Amino acid sequence: MAQIKFFDTTLRDGEQSPGVNLNQLEKIEIAKQLERLGIDVMEAGFPASSKGDFEAVRQIARTIKNTSVTGLARTTKEDIDIAWDALKDAAEPRIHIFLATSPIHMTHKLKKTPDDVIQTSVEMVSYAKQKFTHVEWSAEDASRSDLDFLVKIIEKVIDAGATVINLPDTVGYTTPEEYGRMFRYVREHVPNIDKVALSAHCHDDLGMAVANSIAAIENGATQIEGTINGIGERAGNASLEEIAVALKIRNDYYQHSTNLVLNEIKRTSDLISKFTGMMVPGNKAVVGRNAFAHESGIHQDGVLKEASTYEIITPEMVGIKSNNLVLGKHSGRHAFVDKVEQLGFEFPEEKVKEAFKTFKELTDRKKEVTDDDLFTILTDLQSDSLNIAKYNLESFQVQYGSHNLPTATVALKTPEGYRVETARTGQGSVEALYNTLESLVQEEVDLTDYQLNSIGKGRDALAEVHVMVKVNDTEMGGRGAAQDVLEASANAFLNALNRVLINQRQAEQKKIHS
Ligand SMILES: CC(=O)SCCNC(=O)CCNC(=O)[C@H](O)C(C)(C)COP(=O)(O)OP(=O)(O)OC[C@H]1O[C@@H](n2cnc3c(N)ncnc32)[C@H](O)[C@@H]1OP(=O)(O)O
Ligand SMILES: CC(C)C(=O)C(=O)O
């Protein structure tokens with residue numbers, strides 16, 4: 001049974017999702033969770049693109065030992081040198097170099113002839129091979145490239161030292177039959193192809209990324225690239241969790257194994273959704289809220305008689321626990337530590353003690369402490385370790401009704417430690433609150449997105465707000481959860497601003513290349 005390697009690019013292509021801007025600590029937490037998930041290769045970023053990306057890739061390369069860490073680079077010596085600086089401490093240094101091979105990209109974007117593209121690729125692969133043991137070369141826009149040109153360039157880059165050849169469907173244009181045919185053609189016509197791993201990388205513009213990836217596997221791909229929850233540039237990338245579960249459930253048909261620890265899927269999906277602010281649609285395969293819910297009578301009857309009548313995947317297989325421990329006033333340290341681990345956090349003993357103390361204080365105010373409350377406590381604790389002062393909501397009051405102008409009064413603790421308070425009006429209660437917060441933080445804050453959800457059912461369900469803000473050209477997502485909608489709204493707004501502050505301070509602290 002041939003094994004398919006999983007290459008995760010959530011931290012690179014996934015972060016190319018509009019509005020997603022992860023800070024270094026969030027990236028490291030995600031990287032640790034990807035390692036627990038059993039990912040074979042993780043692309044931690046594009047080191048030459050920014051100081052923040054460089055530092056995140058370097059930290060991840062130093063932290064992660066059981067998954068191979070890679071970084072993206074253009075075909076330039078400068079990009080490759082920067083990638084080496086970021087990745088040289090990795091357990092198994094690996095680079096991912098790309099250059100476009102389609103006529104449309106070569107002519108209009110690169111302004112290079114096909115011969116230039118071959119020469120540059122060969123030179124840069126051999127240059128990278130002097131430093132890195134593993135060199136992946138990607139033919140960007142392969143699915144719109146000439147097949148015989150692909151055959152020619154692939155043979156040469158393999159001779160130059162490439163160890164993985166990736167054939168991306170960069171713009172999500174191909175179809176399963178056509179993409180499969182390209183893999184088969186390359187397998188049959190490139191004489192040295194068996195020396196390397198052959199990889200597929202699909203985008204979801206026409207909703208076929210997962211089907212295309214599977215077609216590539218059926219036609220000789222040995223590595224699949226994608227992201228968790230399918231996040232990524234434009235309509236996103238292929239969802240790795242869907243491919244992994246499809247290979248497992250239809251093992252009778254595909255007969256391929258993977259190294260993935262499937263019951264880590266849900267935890268990984270939740271962590272990434274919370275950090276990126278990109279909510280998972282309820283009907284998303286494998287990880288959506290409704291993926292295991294049976295609504296109609298005939299289905300419910302079938303499931304009660306025999307679950308396999310309508311359930312092809314069990315929730316337990318992907319890590320959804322039915323007997324979740326409820327944390328509250330009477331919970332002890334063991335249940336708390338178990339929950340911290342379930343949420344995907346790893347803390348030293350003294351941090352766990354601190355988190356437990358904050359949790360106990362919260363149980364005096366709240367009967368049941370939800371995963372979202374804990375997530376907030378734990379991420380706050382994590383960013384505290386950076387010693388970056390933040391905005392804290394001290395108190396707020398909003399007055400509104402059908403016949404008066406909504407007015408909010410808010411008191412904040414500023415990062416400098418001052419208590420500031422003011423009041424403003426707005427057309428609605430949320431606008432009044434946000435106008436007040438904006439005047440207190442003394443920044444122009446553009447609200448580009450606002451989404452309100454309820455977590456759980458019933459009138460006392462927790463409100464969860466996701467916002468996207470733009471401050472001085474930086475776009476940042478924020479989330480807040482609370483029992484009250486307005487408090488959740490204030491928390492989300494301040495969370496986004498605090499994440500802008502964390503990114504700014506991290507960039508100031510790490511003047512890597514200057
Ligand atoms: C398909 C993909 O997902 S590829 C990865 C895409 N990801 C990103 O672009 C995110 C990070 N990018 C960035 O931060 C910036 O674009 C940078 C730092 C990489 C480059 O910024 P700039 O130097 O300002 O260049 P800019 O982005 O405007 O243009 C890209 C340049 O790279 C060239 N280029 C594009 N691909 C490659 C490549 N694979 N190898 C070499 N050069 C390339 C383009 O032709 C263009 O060159 P030109 O300036 O001579 O016309
Ligand atoms: C860099 C390459 C692999 C890419 O992201 C794409 O082509 O979509």
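## Ground rules

A residue counts as buried when its relative accessible area is under 20%, as exposed when it is over 50%, and as partly exposed in between (1.4 Å probe, protein chains only). At 2% relative accessibility, Asn-237 is therefore a buried residue.

What you're looking at is a predicted model, where local features need pLDDT of at least 70, side-chain atom pairs count only at pLDDT 80 or more, and totals for chains, interfaces and linings use all residues. Residues are numbered from 1 along each chain as its sequence is written, chains are lettered from A and ligands numbered from 1 in the order in which they are written, and side-chain values use heavy atoms, with hydrogens and water left out.

## The annotated site

An unreviewed UniProt entry carries a "binding site" annotation on Asp-13, His-201, His-203 and Asn-237. These residues are spread over 225 residues of sequence, yet they cluster in space, with a largest C-alpha distance of 10.5 Å. Keep in mind that UniProt positions are given in the numbering used here, that feature names are shortened, and that annotations may be inferred rather than shown by experiment.

Let's start with Asp-13, which sits in the loop between β2 (5–8) and α1 (24–37). Helices (H or I, at least four residues) and strands (E, at least two) are DSSP runs, numbered from the N terminus. Asp-13 has a relative accessible area of 3%, so it is buried. Not counting residues up to four places away in sequence, Asp-13 touches His-201, His-203, Gly-232, Glu-233 and Asn-237; contact here means heavy atoms within 4.5 Å.

## Asn-237 and Gly-226

Asn-237 belongs to the loop between β9 (223–226) and α9 (240–249). The side chains of Asn-237 and Asp-13 are joined by a polar contact of 3.1 Å. That term means a pair of N or O atoms within 3.5 Å; within protein, one must be able to donate a hydrogen and the other to accept it, and residues adjacent in sequence count only if both atoms are side-chain atoms.

Gly-226 is part of strand β9 and is buried, at 0% relative accessible area. Leaving aside neighbours within four places in sequence, Gly-226 has contacts that include Phe-7, Asp-8, Thr-9 and Asn-237.

## Around ligand 1

Of the 13 residues around ligand 1, the nearest are Arg-12, Arg-74, Thr-75, Phe-98 and Glu-140. To be near, a residue needs a heavy atom within 4 Å of the molecule or strand. A polar backbone atom of Phe-98 is 2.6 Å from a nitrogen atom of ligand 1. On its own, ligand 1 has 1000 Å² of accessible area, and the protein covers 50% of it. Accessible areas come from the Shrake-Rupley method with a 1.4 Å probe; for residues, only the protein chains shown count as cover.

## Around ligand 2

Which residues surround ligand 2? Among them are Arg-12, Asp-13, Thr-170, His-201 and His-203. Oxygen atoms feature in several of the pairings: one lies 2.6 Å from an N or O atom in the side chain of Thr-170, and an oxygen atom is 3.0 Å from an N or O atom in the side chain of His-203. Taken alone, ligand 2 exposes 260 Å², and the protein buries 94% of that.

β5, β6 (134–140) and β7 (164–169) each supply at least two residues of the shell around ligand 2.
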